[in-house]
Amino acid sequence: MKVRFWGTRGSLPVSLGGAALRAKLVRSLLAADGRRFADAADAEAWLATQPFGLTQTYGGNSSCVEIERRAPDPAGGNDYLLCDMGSGLRPFGNAVMARHGPQRPNHFHIFLSHLHWDHIMGLPFFTPAYIAGNRLSIYSAHAEAEQALRLQQSPPCFPVPFEALGARIEFIQLEPGRTVTAAGCQVSAKRQLHGGDSYGYRFEAEGRSLVYSTDSEHRLEQAGEAEDFAAFFRAADLVVFDAMYSLADAVSVKQDWGHSSNVVGVELCRLAGARRLALFHHEPIFSDERIAEVEADARRLERITREDGPALEVFAAYDGLEVEL
Ligand SMILES: [Zn+2]
Ligand SMILES: [Zn+2]
């Protein structure tokens, strides 16, 4: 199983911006300290030795994560499995078009965590949805999923109506606790605390497991809360976790905002015996440096609370990251 992150930013897509790019360039030039590079490959090799925040960016597209199974679909189909349709769906669609061209029919299985704008805004810009012969199966535990998607493509807010999407689009209503099979994966849903509810998903295939749990606030002081989520995350190979805030923010000014923190992510994954934790749904106001700090804090907490058990690998997800499970 391979996981590919197309959009990792929370609430609103953001771009790096000219001033931030310039600041990176200045720091890179200072770090290079007059070094001469023979060619582009030499420069690339040096950049690879520098901190992530200096040479790259976590990226700015909103939530979209692709899950790819190792084995090809036994039915010979061209199936894709995705979580959410944030603005990251647009580059994903472009990559599919580049790979197959418009001819080959594709089947996209998409699990929606909820219907907030940052999780559905990519659909009107998803080129494969306009191509007849393609198929979209949209799984949601929210009964209003179809209504929400039609609404975001209605005048006066958007010029192209939902009916212009040429692909066959079907909606599958999910119920928490009932497992479904999609693109060769077993998928179960769990309701999460968030404005209007959100749902986390656990995917199982080929002896691997992935939990996608975004836009979810945790009240670990409430009886059963930690145990409940630890059971859902149990021994997962990867947990993609809403780590939008620091713990201080999450328990004070931003309590009830429906999001969680890096610290809670470490605690729940530790309790669950999960192997890896991807910090996800980054706060739009955070710079690359700030996200790197959130990551470093989580890693420090993981180290000092580690007991005899295996280490929990912690990293901040970024647009373009691929993780092999
Ligand atoms: Zn969100
Ligand atoms: Zn939300």
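How many C-beta neighbours does Asp33 have inside 10 Å, and does Asp33 count as buried or exposed? With 6 such neighbours, Asp33 counts as exposed, where a residue is exposed if 12 or fewer other C-beta atoms (placed from the backbone) lie within 10 Å of its own, buried if there are 20 or more, and partly exposed in between.

This is a predicted model, in which local features need pLDDT of at least 70 and side-chain atom pairs count only at pLDDT 80 or more, while totals for chains, interfaces and linings use all residues. Residues are numbered from 1 along each chain as its sequence is written, and chains are lettered from A and ligands numbered from 1 in the order in which they are written.

**Backbone exceptions**

Most residues other than glycine have a negative phi, and most peptide bonds are trans.

| Residue | Phi | Place |

Helices (H or I, at least four residues) and strands (E, at least two) are DSSP runs, numbered from the N terminus. His281, with 30 C-beta neighbours inside 10 Å, counts as buried, whereas Asp33 counts as exposed. A cis peptide bond, with omega of about 10°, joins Pro155 and Pro156, and Pro156 lies in the loop between helix 5 (145-152) and strand 6.

**The sheet that contains strand 6**

Seven strands make up an open sheet of mixed pairing, in the order 6-5-4-3-2-1-14, two strands being paired if DSSP finds at least two bridges between them. Strand 6 (168-173) and strand 14 (322-324) are the edge strands, each pairing on one side only, and the twist from one strand to the next averages 20°; angles run from 0 to 180 degrees between N-to-C directions, and axes are lines fitted to C-alpha atoms, for helices over the stretch in contact. Strand 5 (residues 135-140) runs parallel to strand 6 and is joined to it by six bridges, with Ser140 opposite Gln173 in strand 6. Strand 4 (residues 107-111) and strand 5 also run parallel, joined by five bridges, and Ile110 stands opposite Ile138 in strand 5.

Strand 9 (residues 198-205) and strand 10 (residues 208-213) run antiparallel and are joined by five bridges, and Ala205 has Arg208 in strand 10 as its bridge partner.

The contact, which requires C-beta atoms placed from the backbone to lie within 7 Å, is made by Ala226, Phe229, Ala230 and Phe233 of helix 6 and by Leu268, Cys269, Leu271 and Ala272 of helix 8. These residues divide into eight nonpolar, no polar and no charged, with Ala, Val, Leu, Ile, Met, Phe, Trp, Tyr, Cys and Pro counted as nonpolar, Asp, Glu, Lys and Arg as charged, and the others, Gly among them, as polar.

Note on methods. Two residues are in contact if their C-beta atoms, placed from the backbone, lie within 7 Å.
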